[in-house]
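Q: I have a structure open and want to go through it piece by piece. Can we start with the terms and then move to the residues?
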Number of protein chains: 2
Amino acid sequence: MSTTAPKPGPHDLPDVSALVVGILGGTGPQGKGLAYRLAKAGQQVVIGSRTADRAETAAAELGLGIWGADNQATARDSDVVIVAVPWDGHAATLEALRTELAGKIVVDCVNPLGFDKEGAYSLKPAEGSAAEQAAALLPDSRVTAAFHHLSAVLLQDQGVEAIDTDVMVLGDERAATDVVQALAARVPGMRGVYSGRLRNAHQVESLVANLISVNRRYKAHAGLRVTDV
Amino acid sequence: MSTTAPKPGPHDLPDVSALVVGILGGTGPQGKGLAYRLAKAGQQVVIGSRTADRAETAAAELGLGIWGADNQATARDSDVVIVAVPWDGHAATLEALRTELAGKIVVDCVNPLGFDKEGAYSLKPAEGSAAEQAAALLPDSRVTAAFHHLSAVLLQDQGVEAIDTDVMVLGDERAATDVVQALAARVPGMRGVYSGRLRNAHQVESLVANLISVNRRYKAHAGLRVTDV
């Protein structure tokens, strides 16, 4: 009798309902939107900010059992930590949290973009991408990248029931990307789709510049679906 | 009484049914697949190759009124020229056709990728992207970028009726991107979605590396849909 468990299929994902999700930069539009959607789906969510006060205020506005804390406490008390800070604070924020983030699943959703009169354009971090910068700064964390292509407007709109967008999930460790895919799947309408290793994160981050062009042309809140999956 | 025509909306596209579409690299899987789909939709299509013989053989296999020619004649006799050559022949092919491509709408669909044991990864052309390289080499052409995210397998499969994928169309000239969007829209299931300027082509080209990871994980022929458009 074999004792080997069957190899999980690509759609077999772990139960993540008991995990605490922290959101660094949780007082910004993307962070607040993700906090709202994950908490509404039943997840325990803590919003982090540089000061606990700001985080607690944002958490109280959102309700749903969300609480607020400073970034250190948020990182320390969470199982999975979503990084939703502005790009220009990305490196400094993560560097200061190396100890607290050790052993945690870190989900980078930062899009390094510049803006000028012709719209948005991609910035190329020296490490290759924001996610690879995170991996370089957090050698003891399990770094993934996801949640780039979501409209903060739709995430925060309480009249919107389902988020019609797939979440591309990248990372070099299967167990970590599986957890992030499972988290995405808790939100009605969303799926987490494994989409490659961290070395291919730059184009996923940068594609937000294209979605901004789409939004401008079509007056839309564009997202992406991966077909045939 | 005003004589000003109403400004076209984002979904108003020109009639492209009379245009001749040439496909450079039309004997490769992507080129053949695009030739088949466009000709099946009623477009006049000419396949180009380095030698007319090879092109004529591929055209005869496809039928549907498609004809074959060498690259020079293909470029000269077409209104719209799709560039579907391998990345390592991209610059040399276009440089040799500068005269023939002058004034034409050029549609670059080349994805600069490298491959190793971990799969595909993005290559960054010195010009920023394959499309920007084309624009630099073809100063008298109307360069756009599109048709990156299509599965050559599905395009060529005559049992597949509709192609369930949006085509991201990039370019700096509205009239040219409108024509390319209209061409994409002729294929059942496809839409052409304006997705930004050429300076944002790199991430659209590179995203094919991620779709290759998706295909491997899910045993799929993945494409993309833009939501809320």
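A: Starting with terms: a residue counts as buried when its relative accessible area is under 20%, and as exposed when that value is over 50%. Keep in mind that this is a predicted model.

Q: OK. Is F147(A) buried or exposed?
A: F147(A) has a relative accessible area of 1%, so it counts as buried. The residue is in the loop between β8 (142-145) and α7 (152-156) of chain A.

Q: What is the phi of F147(A)?
A: Its phi is positive, about 65 degrees, although F147(A) is not a glycine. Most residues other than glycine have a negative phi.

Q: Where is L64(B), and what about its phi?
A: L64(B) is in the loop between α2 (52-62) and β3 (67-70) of chain B. It is not a glycine either, and its phi is positive at about 60 degrees. With a relative accessibility of 45%, L64(B) counts as partly exposed.

Q: Back to the β8 and α7 loop of chain A. What does H149(A) touch?
A: H149(A) is in that loop, between β8 and α7 of chain A. Leaving out residues up to four places away in sequence, H149(A) touches T165(A), M168(A), V204(A), L207(A), V208(A), L211(A), A222(A), G223(A) and L224(A).

Q: Which backbone oxygen does the side chain of H149(A) reach?
A: That of V204(A), at 2.8 Å. H149(A) has a relative accessible area of 5%, so it counts as buried.

Q: Switching to chain B. Where does D166(B) sit?
A: D166(B) is in strand β9 of chain B. Its relative accessibility is 2%, so D166(B) is buried.

Q: Which side chains does D166(B) make polar contacts with?
A: One polar contact joins the side chains of D166(B) and R191(B) at 2.7 Å. Another joins the side chains of D166(B) and R225(B) at 2.5 Å.

Q: And what else is D166(B) in contact with?
A: Setting aside neighbours within four places in sequence, the contacts of D166(B) include V193(B), L224(B) and V226(B). As for G189(B), 23 residues away along the chain, its C-alpha atom is 8.1 Å from that of D166(B).

Q: Now the interface. How many residues does each chain put into the contact?
A: Chain A gives 44 residues and chain B gives 44 residues. About 3700 Å² is buried between them, with 53% coming from carbon and sulfur atoms.

Q: Which element gives the largest share of the side of chain B that touches chain A?
A: That is α9(B), with 11 residues. The elements giving two or more residues to that side also include β9 (166-171), α8 (174-185) and β11 (223-227) of chain B.

Q: What is the residue make-up of that side?
A: The side of chain B that touches chain A has 17 nonpolar, 17 polar and 10 charged residues.

Q: How does β11(B) pair with chain A?
A: Strand β11 (residues 223-227) of chain A runs antiparallel to β11(B), and 5 bridges join them. Within this pairing, V226(A) stands opposite L224(B).

Notes:
Residues numbered from 1 in each chain as written. Chains lettered and ligands numbered in written order. Predicted model: local features only at pLDDT ≥ 70, side-chain atom pairs only at ≥ 80, totals over all residues. Heavy atoms only, no water. Contact = heavy atoms within 4.5 Å. Buried area = accessible area lost by both parts, 1.4 Å probe. Helix = DSSP H or I, 4+ residues; strand = E, 2+ residues; numbered from the N terminus. Nonpolar A, V, L, I, M, F, W, Y, C, P; charged D, E, K, R; others polar. Pairing = 2+ DSSP bridges. Buried < 20%, exposed > 50% of the residue type's maximum accessible area, 1.4 Å probe, protein only. Polar contact = N/O pair within 3.5 Å; in protein donor to acceptor, adjacent residues only side chain to side chain.
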